Amino acid sequence: MSNDDDVRRLALALPETEERTAYGTPAFYVGKKMFARLHEQPEVLVCWRADMGEREALLQGEPEIFFTTPHYDGYPSVLVRLGRISNPRLGEILQEAWEARATPGIRRDA
């Protein structure tokens with residue numbers, strides 16, 4: 001299962017990614033756009049999705065890993081329970097979040 005250090009290692013391995021702070025927690029940006037951040041709640045990650053359909057598929061397909069709160073209603077993002085996701089799956093989710101937020105130029109050059 002994954003933890004904050006795994007998130008940091010996997011996120012920073014993605015092209016043109018840097019760590020900053022957002023809402024008082026570590027966050028990961030590609031260019032000017034945040035694609036993931038550690039949530040205030042321990043062992044939880046916020047990850048962006050390309051659209052609401054992807055979000056709903058994760059919420060319904062793997063509810064033991066992915067969830068949301070009313071705060072995120074209407075936004076294409078999901079909350080990830082780090083204690084329940086494998087590192088390979090976390091890497092996939094971060095890659096997809098990165099792709100959803102990276103500009104076409106950054107994606108092309110990656």
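Biologist: In β3, which residue is the bridge partner of A27?

Modeller: That would be R37. Keep in mind that this is a predicted model.

Biologist: Okay, and how many bridges join β2 to β3?

Modeller: There are 4 bridges, and the two strands run antiparallel. Another pair to look for is V30 with K33, the latter in β3.

Biologist: What do β2 and β3 form, and which residue in the turn has a positive phi?

Modeller: They make a hairpin with 2 residues between them, and G31 in the turn has a positive phi of about 60°.

Biologist: Let's zoom out. In what order do the strands of the sheet come?

Modeller: The order is β1-β2-β3-β4-β6-β5, which makes an open sheet of 6 strands with antiparallel pairing.

Biologist: Which strands stand at the edges?

Modeller: β1 and β5, the latter covering 66–67. Each has a single partner strand, so one side of each is left without a neighbour in the sheet.

Biologist: So what does β5 pair with, and over how many bridges?

Modeller: β5 pairs with β6 over 2 bridges, in the antiparallel sense. To find the spot, look for F66, which stands opposite V80 in β6.

Biologist: And which helix lies across β5 and β6?

Modeller: That's α2, running at about 30° to β6.

Biologist: Is β2 largely enclosed or open, and why?

Modeller: β2 is largely enclosed by the rest of the structure, because 5 of its 6 residues are buried. The count for β3 is also 5 of 6 buried, so β3 is largely enclosed as well.

Biologist: Is Y23 buried or exposed?

Modeller: Exposed, because its relative accessibility is 66% and the cut-off for exposed is over 50%.

Biologist: Which residue has a positive phi in the turn between β3 and β4?

Modeller: E43, at about 65°, in a hairpin with 5 residues between the strands. E43 isn't a glycine either. With a relative accessible area of 40%, E43 is partly exposed.

Biologist: How do β3 and β4 pair?

Modeller: In the antiparallel sense, over 3 bridges.

Biologist: What does H39 touch?

Modeller: Leaving out residues up to four places away in sequence, H39 touches T25, V44, L45, V46, Y72 and L79. A polar atom of the H39 side chain also lies 2.9 Å from the backbone nitrogen of Q41.

Biologist: New topic: the core. Which residues touch the most other members of the largest nonpolar core?

Modeller: F35, L45, C47, F66, V80 and L94, out of 26 residues in that core. Several elements supply at least two residues each, including α1 (4–12), β4 (44–48) and α2 (52–61). The one that gives the most is α3, with 5 residues.

Biologist: Which residues of α3 are buried?

Modeller: R89, L90, I93, L94, A97 and W98. In an α-helix there are 3.6 residues a turn, so residues three or four places apart point the same way.

Biologist: Last one: what span should α3 have?

Modeller: Its 15 residues should span 21 Å at 1.5 Å a residue, and the end C-alpha atoms are 21 Å apart, so that agrees. At the start of α3, a side-chain oxygen of S86 also reaches to within 3.2 Å of the backbone nitrogen of R89.

Definitions and conventions: Residues are numbered from 1 along each chain as its sequence is written. This is a predicted model: local features need pLDDT of at least 70, side-chain atom pairs count only at pLDDT 80 or more; totals for chains, interfaces and linings use all residues. Side-chain values use heavy atoms; hydrogens and water are left out. A nonpolar core is a set of buried Ala, Val, Leu, Ile, Met, Phe, Trp, Tyr and Cys residues joined through side-chain atoms within 4.5 Å. Buried means under 20% relative accessible area, exposed over 50%, partly exposed in between (1.4 Å probe, protein chains only). The expected span of a helix is 1.5 Å times one less than its number of residues. A polar contact is a pair of N or O atoms within 3.5 Å; within protein, one must be able to donate a hydrogen and the other to accept it, and residues adjacent in sequence count only if both atoms are side-chain atoms. Two strands pair if DSSP finds at least two bridges between them. Contact means heavy atoms within 4.5 Å. Axes are lines fitted to C-alpha atoms, for helices over the stretch in contact, and angles run from 0 to 180 degrees between N-to-C directions.
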